[in-house]
Amino acid sequence: MANFDIIMPKMGESIEEATITNWFVKEGDTVEEDDILLEIATDKVDSEIPSPVAGVVKKVLYQQDETVAIGTVIAVIETNGIAEGDGEKQPADSEETSEVSATDEEKEKTQDQEDPDEISSGKFYSPLVRKIAREENISLSELESISGSGINGRVQKRDILAYLENRKEKAPAVDDEKIPETKKAPVKESTIPGKPSVQISGGDEVVEMSRMRKLIAEHMIRSKQVSAHVTNMLEIDVTSVVEWREKFKAEFQKKQGVKLTYLPVFLEATVKALRDFPQINASVNEDKIIIKKNINLGIAVALPDNNLIVPNIKAADNLNITGLAKRVSELAVAARNNKLSPDDISGGTFTVTNFGTFRNDIGTPIINQPEVAILAIGSIKKKPAVLETEHGDVIAIRHMMWISLTYDHRIVDGALGGAFLRKLGDYIESFNKETVF
């Protein structure tokens with residue numbers, strides 16, 4: 001017999017923990033490979049976790065509604081298979097952190113490998129190793145330089161103790177280099193500046209925030225604290241786009257099976273502008289700017305429960321208007337039916353949110369971290385506008401729309417943000433009404 005540890009899997013970029021929403025098995029149950037063990041949820045997506053092995057559920061270590069750090073052992077399955085190192089299959093989503101121990105005694109000996117936590121470099125360290133590092137003033141850069149003897153080179157207790165024995169006396173590391181404590185999902189009171197006291201009167205209704213709403217609130221506050229938000233706005237003429245859609249929408253739906261909206265046209269123009277200004281398709285990592293190779297466009301989708309989720313179109317620069325229209329429709333349907341995969345909501349490089357859906361003219365959205373900019377599209381309205389013609393200026397009824405770009409002023413200056421927005425507007429205004437799909 002061997003014990004196989006079920007690990008809380010990594011569900012996407014920047015996800016540090018997940019909440020167990022339902023167990024489908026209990027201790028003593030027999031499971032086959034690929035049987036669904038549990039359902040977990042993050043602020044971005046809910047997922048069912050299958051069993052990577054066949055066996056008997058020996059231990060369930062965390063219960064429903066508990067929030068657990070990524071990489072933590074959440075259950076143990078007793079198998080008839082062979083232990084790790086002899087070919088035992090590992091879960092695909094948690095390959096770095098999966099462990100198999102032949103006996104409980106052996107598992108106890110490797111206690112310092114459990115409950116790993118990920119820091120900025122992507123490496124995992126157990127709470128015990130992190131505790132020793134903090135107590136001994138070992139900086140993050142020092143910790144990452146230690147060679148580990150554990151699985152996948154993980155640093156164990158004996159590795160860090162051996163390092164300390166040979167370590168020369170050094171001054172304590174500065175505070176901002178010390179190993180951070182494990183992060184928790186709830187928003188700490190100290191992160192909410194000027195938290196007001198609220199009086200509740202007899203007729204007021206008190207509604208408990210959902211788990212997703214609490215996490216969205218935390219991420220919004222964090223984004224405002226991390227990025228210096230600035231917004232530029234521009235009104236553009238989208239008459240050509242409106243006329244094109246009116247001409248082809250019936251034919252498009254008949255041929256392609258999805259409705260033709262304005263959004264795919266705006267997304268195509270966004271891709272073109274991002275190619276012209278790659279600094280907008282970027283992220284910030286401490287004092288380094290990461291220019292993203294791929295253009296993965298996030299699309300903000302409002303859910304029936306009034307929450308928000310942002311799936312993204314991978315390699316959007318490889319799709320034409322038809323491809324973008326189909327992918328937008330697929331992601332929207334999946335989002336509203338809670339069928340998004342972890343891949344759908346991770347890896348975005350630039351986000352577009354459509355205020356026009358709610359007949360709003362303009363907005364200043366919050367940046368979707370770790371991106372550095374977000375585009376807002378407003379409602380299309382008929383307005384009188386001045387047109388320049390060969391016979392002079394005339395006033396005509398045109399279809400007008402506001403677009404706004406909120407960007408991170410740490411790396412995007414006003415000149416760059418303004419130039420990007422103007423270029424995007426030019427691409428939309430020059431859209432060819434005879435474009436075929």
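Analyst: A residue is called buried when its relative accessible area is under 20%, and by that cut-off buried residues make up 43% of the 437 residues in the chain of this model, which is a predicted one. The chain has nine helices and 22 strands, and the part to look at closely here is an open sheet of four strands, whose order is 5-4-2-7 and whose pairing is antiparallel. Strand 5, residues 46-50, and strand 7, residues 67-69, stand at the edges of this sheet, and because each has a single partner strand, one side of each is left without a neighbour in the sheet. On average, and with direction ignored, neighbouring strands of the sheet are turned by 40° against each other.

As background, the strands of a sheet pair through backbone hydrogen bonds, and they may do so in a parallel or an antiparallel way.

Glu-371 counts as buried because its relative accessibility is 3%. Its side chain makes a polar contact, at 2.8 Å, with the side chain of Thr-351, and, leaving aside residues up to four places away in sequence, Glu-371 touches Ala-282, Ser-283, Gly-348, Thr-349, Phe-350 and Thr-351.

Technical notes
Residues are numbered from 1 along each chain as its sequence is written. This is a predicted model: local features need pLDDT of at least 70, side-chain atom pairs count only at pLDDT 80 or more; totals for chains, interfaces and linings use all residues. Side-chain values use heavy atoms; hydrogens and water are left out. Two strands pair if DSSP finds at least two bridges between them. Helices (H or I, at least four residues) and strands (E, at least two) are DSSP runs, numbered from the N terminus. Axes are lines fitted to C-alpha atoms, for helices over the stretch in contact, and angles run from 0 to 180 degrees between N-to-C directions. Buried means under 20% relative accessible area, exposed over 50%, partly exposed in between (1.4 Å probe, protein chains only). A polar contact is a pair of N or O atoms within 3.5 Å; within protein, one must be able to donate a hydrogen and the other to accept it, and residues adjacent in sequence count only if both atoms are side-chain atoms. Contact means heavy atoms within 4.5 Å.
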